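Reader: I am new to this structure and would like to understand the words used to describe it. Could you take me through them with care?

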Amino acid sequence: LVLGLLLLYSLLYMKYGRGYWETYVHNNSMNPYYLRSGRGEGNADIDEAEMSLPERFEYMYNLAASGQQSLDFIASIGEKIKNIAQWKNPFGSGLLAILMIGASLALYFIPIRYIILGWGINKFRKFGMDPHLIDNMEVEDFLSRIPSDPELELLKEPSRHQKRS
């Protein structure tokens with residue numbers, strides 16, 4: 001049994017593994033893919049020597065913009081969690097409170113071993129029924145419905161006593 005699994009693993013590795021990818025990349029071009037792209041894991045000295053000054057500025061600008069977008073995304077998630085805790089969205093906070101109460105009751109009455117077993121069976125059942133199923137991310141879907149602080153400012157209604165311009 002072990003020898004059969006080892007042979008199956010080596011067959012799959014030879015067909016789909018690293019050797020197949022390197023052959024594909026080297027047959028398509030004289031250079032590996034990451035050197036053809038100009039922005040990969042290639043030698044940094046070659047990359048900088050080929051870039052002109054405006055290309056360097058554009059590269060640095062894009063790098064800074066992507067870093068700022070990542071930090072904005074992380075801050076947005078933190079603000080959404082804060083807004084859930086402060087009940088800024090009552091429906092979302094109430095739903096989360098009910099789910100947490102239900103989860104605590106389930107953990108109190110049902111052993112964790114059975115909960116994990118049921119979760120695993122459900123996962124494999126879903127993908128066994130439909131192998132091309134795209135699994136949804138429940139936590140991400142829930143957080144996308146909670147507004148962050150800038151979104152709350154946009155949604156805020158103007159007060160009646162505020163001067164109109």
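**Terms and values**

Author: S148 is buried, its relative accessible area being 5%. This is a predicted model, in which local features need pLDDT of at least 70 and side-chain atom pairs count only at pLDDT 80 or more, while totals for chains, interfaces and linings use all residues. Residues are numbered from 1 along each chain as its sequence is written, and side-chain values use heavy atoms, with hydrogens and water left out.

Reader: Why is S148 called buried?

Author: Buried means under 20% relative accessible area, exposed means over 50%, and partly exposed lies in between (1.4 Å probe, protein chains only); S148 has 5%, and therefore counts as buried.

Reader: Where is S148 found, and with which residues is S148 in contact, leaving aside its neighbours within four places in sequence?

Author: S148 is found in the loop between α8 and α9 (149-155), where helices (H or I, at least four residues) and strands (E, at least two) are DSSP runs, numbered from the N terminus. Contact means heavy atoms within 4.5 Å, and, with neighbours within four places in sequence set aside, S148 is in contact with S76, E79, K80 and N83.

Reader: What makes N83 count as buried?

Author: N83 has a relative accessibility of 0%, which is under 20%, so N83 counts as buried. The place of N83 is in helix α5 (residues 53-85), and, beyond four places in sequence, its contacts include K88, I146, S148 and L152.

Reader: Which side chain makes a polar contact with the side chain of N83?

Author: The side chain of D149 does, at 3.4 Å. A polar contact is a pair of N or O atoms within 3.5 Å; within protein, one must be able to donate a hydrogen and the other to accept it, and residues adjacent in sequence count only if both atoms are side-chain atoms.

Reader: Why is W87 called partly exposed?

Author: The relative accessibility of W87 is 48%, which lies between 20% and 50%, and therefore W87 counts as partly exposed. W87 lies in the loop between α5 and α6, and has a positive phi of about 55° although it is not a glycine.

Reader: How many helices and strands does the protein chain have, and what percentage of its residues count as buried?

Author: The protein chain has nine helices and zero strands, and of its 165 residues, 12% count as buried.

Reader: How do you know where to read the coordinates with caution?

Author: pLDDT is the predictor's confidence in each residue, from 0 to 100. The mean pLDDT of the protein chain is 76, and 67% of its residues reach 70 or more. Over residues 19-29, however, pLDDT stays under 50, and the model has eight contacts beyond four places in sequence for this stretch. Residues 31-46 also have pLDDT below 50, with 16 contacts in the model beyond near neighbours in sequence. Where pLDDT is low, the predicted coordinates should not be read in detail.
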